[in-house]
Amino acid sequence: MGIEKRLIEDANLTRGMQLATPERITKVIRDVLKGEVGARVKVYEQTCMRCGACAKACHFSLSHPDDASYTPVAKLDKTIFKMVRESGKLNAEQMRGIAQIAHTECNMCRRCIHYCPVGVDIAYLMSLVRRICNKLGITPTFIQDTANSHSATFNQMWVREDEWIDSLVWQEEEAREEFPGIRIPLDKEGADFMYSVIAPEPKFRTQLIYQAAAIFHQAGSDWTMPSRPGWDNSDMCMFTGDYEMMGRIKRAHFELAQKLRVKRIVMGECGHAFRSVYDQGNRWLAWKDSPVPVVHAIEFYWELINEGKIKITHQFEDPVTIHDPCNTIRGRG
């Protein structure tokens, strides 16, 4: 079944399509391909063997075994490779279908890369498709609204500055019933690390901040949390292709840590946020290395366990396995 048979209703995709003239589409595609990616896309387009090995890695393809249009190579052929072949000469209806493929039939998990015999970075190519669509204003409504929150508040949940501070104070008060001497330090200069979270935590899952604070308290950690905007380490702009805003978000995050003179940033569990901080945002800002070292919560808790600062009550006797998170294990190494 082709994309034209499964179009979804989305006001922002429709509005963006109506505003995208053929001339503007061609200019945006050519500007991105020439100004941001160099020869990389053309090399991928020419080296891809169209063998379909990537299909075995894609959950979209595996869930539609009788529809080859869901395979990663087919999605590339209908999006970025088509842009290259046509030298950007596409119409608004084609771009609307391309935007839908990029946002609803690929989540850029990067699993397919490990199945490609010639190393085509399919996830990078699909992120580039989203980048072009974003510059044309053809981005699905919900994710664009979330990116708009990043632009206005530097967090994805429209959390006001006073609400953020109130949430931390509230969680400290709650935690003191269990740990009388616990603190959630705000803006403590020179601490060993700054702990950062995603905006859904103060908005919906505030107890996660309590739980992290309890671990740090038990471990005797020297830590702090920032009070100013930039505390949210998540980044929907990375997923929409608004790299300019992605850069602003990451710069604000690192500058908070620098102003507090902490030794490193310990991030909460969010995988995509981790990817945006350690890999995407810093490279868009042309930084060779992160200005402040970054460690994911999984790695940090492992450090605490190995150093004897927190103790495990017991081990599972039966064998266990671990899900392979695309950003913290497969992407990070």
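**Figure 1. Largest cavity of the predicted model.** About 130 Å³ of space lies in the largest cavity, one of two cavities of 30 Å³ or more in the structure. A cavity is a set of points on a 1 Å grid over the protein atoms alone where a 1.4 Å probe fits but cannot get out, and lining residues have an atom within 4 Å of a point. A volume is the space filled by probe spheres set on the points, with grid points joined across faces, edges and corners. The model is predicted: local features need pLDDT of at least 70 and side-chain atom pairs count only at pLDDT 80 or more, while totals for chains, interfaces and linings use all residues. Residues are numbered from 1 along each chain as its sequence is written, and side-chain values use heavy atoms, leaving out hydrogens and water. Cys58, Pro72, Lys75, Cys106 and Cys112 are the closest to the centre among the 16 lining residues. Helix 5 (72-78) is one of the elements giving two or more residues to this lining, and its three residues are the largest share. Helices (H or I, at least four residues) and strands (E, at least two) are DSSP runs, numbered from the N terminus.

**Figure 2. Second largest cavity.** The second largest cavity holds about 100 Å³ of space. Its lining has 14 residues, of which Cys48, Cys51, Cys54, Cys116 and Pro117 are the closest to the centre. By class, twelve are nonpolar, one is polar and one is charged. Ala, Val, Leu, Ile, Met, Phe, Trp, Tyr, Cys and Pro count as nonpolar, Asp, Glu, Lys and Arg as charged, and the others, Gly among them, as polar.

**Figure 3. Largest pocket.** The largest pocket has a volume of about 480 Å³; a pocket is an open set with protein on both sides within 12 Å along at least five of seven lines. Of its 20 lining residues, Arg40, Tyr124, Ser127, Gln280 and Arg283 lie nearest the centre. Helix 15 gives the largest share of the lining, six residues. The lining has nine nonpolar, four polar and seven charged residues.

Figure 4. Strand 1 (residues 193-196) and strand 3 (residues 264-267) pair over four bridges, and Tyr195 stands opposite Val266 in strand 3.

Notes:
Two strands pair if DSSP finds at least two bridges between them.
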